[in-house]
Amino acid sequence: MTTILHGNIIHAPSFGTLETIPDGYLILEDGVLRALSPVLPAQYASCPVTDYGDGLILPSFADLHLHAPQYPMLGMGMDLPLMEWLSAYTFRTEARFADPEYARRICRQLARDLITSGTTRVAMFSSCHTAATLILMEELEKAGVTGYVGKVNMDRSSGPVQEDTVRSVAETLRWLDGCQDFHLVSPIITPRFVPSCTNELLAGLGTLARERGLPVQSHLSESAGEVELVAQLHPDCARYWEIYNKYGLWKERTLMAHCVLSDPREQEAMAEAGVWAVHCAASNVNLCSGTAGVRALLNRGVHVALGSDIAGGDQLAMNRVIVDSIRASKLRQMETGEPFLTMPEAYYLGSSAGHIYFGGGAGFQTGCKLHAVVVNDARLPEPARELNLAERFERAVYLMDRTDIRAVYSEGVNRL
């Protein structure tokens with residue numbers, strides 16, 4: 001079936017590049033983008049057009065690091081550093097997901113809030129509970145969110161959600177067996193992070209990742225206290241990343257959130273292995289972890305994407321995450337001289353980079369299922385002069401909220 005969308009097309013086909021097509025057309029066949037055009041091609045003249053008028057048609061957002069069971073504590077505990085915050089707030093909140101009815105209510109709200117905020121692809125941590133993780137995957141599929149979800153594993157220093165090692169692996173297997181019927185959402189192996197996982201658990205998860213060909217997500221070098229604790233727990237490893245590597249969890253397309261304190265050797269190891277860094281600017285500032293060297297990571301060839309990291313991060317909407325990433329990079333420039341991220345660069349990291357991770361393309365790439373958000377910026381303050389599309393785009397990313405979103409396309413289907 002042919003679908004044609006009309007509006008002002010804006011996308012980031014490469015890092016730092018912004019391309020605009022005023023009054024342009026997106027032509028889809030069965031949800032797959034076949035062409036971008038400044039005029040409607042003659043062969044489609046008789047086809048119906050979904051006309052978004054003066055609206056902005058942008059690639060949707062991709063959130064590569066967030067914690068579903070932390071959604072109820074969004075905006076709480078911002079007065080504590082990471083390790084204390086986990087004990088005081090996080091583990092107790094995640095324990096509530098032992099109740100499937102509670103998990104269903106929160107997961108349904110989160111899935112809908114993601115779509116209405118323009119996020120269509122995610123890499124998400126669930127809780128340690130098998131039932132709640134399957135419920136989360138069900139609700140994401142119903143809402144049209146695509147990506148990866150992981151049952152979290154943790155058998156050490158995890159308070160009320162700590163698992164027995166053998167049971168943690170067994171429940172992971174049971175969860176994987178229950179993932180067979182999902183089409184939009186797939187499993188990802190998810191050790192919480194080294195301080196919460198024994199050597200035996202890390203080894204078991206590494207074996208599962210290898211035998212089943214599954215990707216991996218975890219945390220890396222987020223805060224000084226965490227890095228010091230990891231060094232005490234693993235005196236045999238000179239650097240944090242070596243522990244994941246030792247157990248088969250450091251490989252191509254592994255997602256490592258934060259990387260705030262990653263030194264040049266750790267960054268080089270990421271680039272060599274094809275490990276991705278997920279930058280979570282708001283969380284890093286909220287928990288006083290620091291500001292990650294995004295430019296240094298990119299310069300060393302590391303793939304970088306963005307994550308909301310709810311609830312360490314306090315904003316689910318990825319346009320806010322993009323803005324926070326720009327602000328954090330400006331703080332870093334003031335501290336280190338490292339050039340800050342421009343809007344086209346940050347938007348690429350919060351959109352195109354994530355779509356590439358999931359097998360899509362940068363910007364609106366033909367041959368890929370459409371992932372797009374349509375924004376009506378008429379609500380924003382009346383400008384003193386006519387703005388070009390690049391200016392309207394920048395203003396929309398800074399100021400828009402979900403009331404300004406007219407449509408969200410995921411896998412070629414409008415989910416609103």
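The model is a predicted one, and a search of the whole structure finds 10 aromatic pairs.

Because F15 belongs to the loop between β1 (2-14) and β2 (17-29), whereas Y348 belongs to helix α12 (residues 343-350), the pair ties together parts of the sequence that are 333 residues apart. The two partners can also be described by their accessibility: F15 is partly exposed, with a relative accessible area of 32%, while Y348, at 13% relative accessibility, is counted as buried.

A further edge-to-face pair is made by W276 and Y357, with 5.1 Å between the ring centres and 80 degrees between the planes. This pair likewise links distant parts of the chain, since W276 lies in strand β13 (residues 276-279) and Y357 in helix α13 (residues 352-357), 81 residues apart. In this case W276 is buried at a relative accessible area of 6%, and Y357 is buried at 2%. Both residues also take part in one aromatic cluster, which is formed by Y148, W276, Y357 and F358.

The ring of Y357 has a charged neighbour as well, as R253 lies over the face of Y357 at 4.2 Å from the ring centre. A corresponding arrangement is found for R96, which lies over the face of Y102 at 3.8 Å from the ring centre.

Key:
Residues are numbered from 1 along each chain as its sequence is written. This is a predicted model: local features need pLDDT of at least 70, side-chain atom pairs count only at pLDDT 80 or more; totals for chains, interfaces and linings use all residues. Side-chain values use heavy atoms; hydrogens and water are left out. Rings of Phe, Tyr and Trp (its six-membered ring) pair if their centres lie within 6.5 Å; planes under 30 degrees apart count as stacked, over 60 as edge-to-face and the rest as tilted. Helices (H or I, at least four residues) and strands (E, at least two) are DSSP runs, numbered from the N terminus. Buried means under 20% relative accessible area, exposed over 50%, partly exposed in between (1.4 Å probe, protein chains only). A charge sits over a ring if NZ of Lys or CZ of Arg is within 6 Å of the ring centre and within 35 degrees of the ring normal.
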